Amino acid sequence: MSDGQRADARRNYARILAVAEEEVAAHGSGASLEQIARTANVGSATVRRHFPTRRALLEAVSANRIAALCARAAELTGEEDSRKALLTWLDEVVVYCVSARGLAAALSYDGPTQENSCSAAIEDAGEPLLRRAARDGAVPPEATVAELITLIVGIVLATEHHPDPAAQADRLFRLAVAGLSPGT
């Protein structure tokens with residue numbers, strides 16, 4: 001939010017964002033923009049002025065979570081076991097995505113013309129972890145953070161309606177890490 005905005009615009013933005021965080025937590029990425037506007041006591045045009053797309057709203061709602069995941073990646077970069085550091089971080093991304101409804105959608109790939117600040121931040125943060133693990137032979141050298149995040153997003157979105165989404169997402173993540181043919 002620009003500091004050049006009027007005070008009422010800044011208040012509206014803060015109120016919309018607070019309501020959006022609650023709605024996304026309750027209803028996931030499909031939270032109603034109209035309900036957000038009603039609850040925030042603003043018009044739907046005001047919501048769209050601040051958040052022109054659903055992705056913009058999800059990115060704003062997820063900003064603090066993304067920052068925490070980026071900080072955690074930086075913390076883990078100095079760990080001795082590069083594979084364990086990478087897997088710890090990826091596991092934390094899974095846990096965050098399951099617990100923070102809407103985060104997986106904010107990280108999802110929408111095509112080459114879509115700019116995605118959440119994905120870009122996560123990719124930048126995870127790159128040092130992945131490069132160290134690849135250098136140590138723990139992961140294939142051609143693997144990318146974007147591919148790993150796509151895998152996580154798929155797992156989280158596929159399990160979000162499961163009776164125990166956290167346990168199922170964890171199980172699928174562990175299966176992906178182990179591979180279908182262990183020891184080959």
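Modeller: The largest nonpolar core has 54 residues. Those with the most contacts inside this core are Ile36, Leu86, Trp89, Cys97, Leu107, Ile149 and Ile152. Bear in mind that this is a predicted model.

Which elements give two or more residues to this core? They are helices H1 (7-27), H2 (33-39), H4 (54-76), H5 (82-99), H6 (103-107), H7 (117-135), H8 (145-159) and H9 (165-178).

Leaving aside residues up to four places away in sequence, Leu86 touches Leu129, Leu130, Ala133, Val139 and Leu148.

Next, look at Ser82, which is found in helix H5. Is Ser82 buried or exposed? Ser82 has a relative accessible area of 4%, and the limit for buried is under 20%, so Ser82 counts as buried. Its contacts, again not counting residues up to four places away in sequence, are Arg132, Ala133 and Asp136.

Finally, the largest pocket. Its volume is about 320 Å³. The lining has 15 residues, and Leu87, Val139, Pro140, Leu148 and Val177 lie nearest the pocket centre. Helices H5, H8 and H9 each supply at least two residues of the lining. What kinds of residues make up this lining? There are 13 nonpolar residues, two charged and no polar.

Methods. Residues numbered from 1 in each chain as written. Predicted model: local features only at pLDDT ≥ 70, side-chain atom pairs only at ≥ 80, totals over all residues. Heavy atoms only, no water. Core = buried A, V, L, I, M, F, W, Y, C linked by side-chain atoms within 4.5 Å. Buried < 20%, exposed > 50% of the residue type's maximum accessible area, 1.4 Å probe, protein only. Helix = DSSP H or I, 4+ residues; strand = E, 2+ residues; numbered from the N terminus. Contact = heavy atoms within 4.5 Å. 1 Å grid on protein atoms, 1.4 Å probe; cavity = no way out; pocket = protein on both sides within 12 Å on 5 of 7 lines; lining within 4 Å. Points joined across faces, edges and corners; volume = space filled by probe spheres on them. Nonpolar A, V, L, I, M, F, W, Y, C, P; charged D, E, K, R; others polar.
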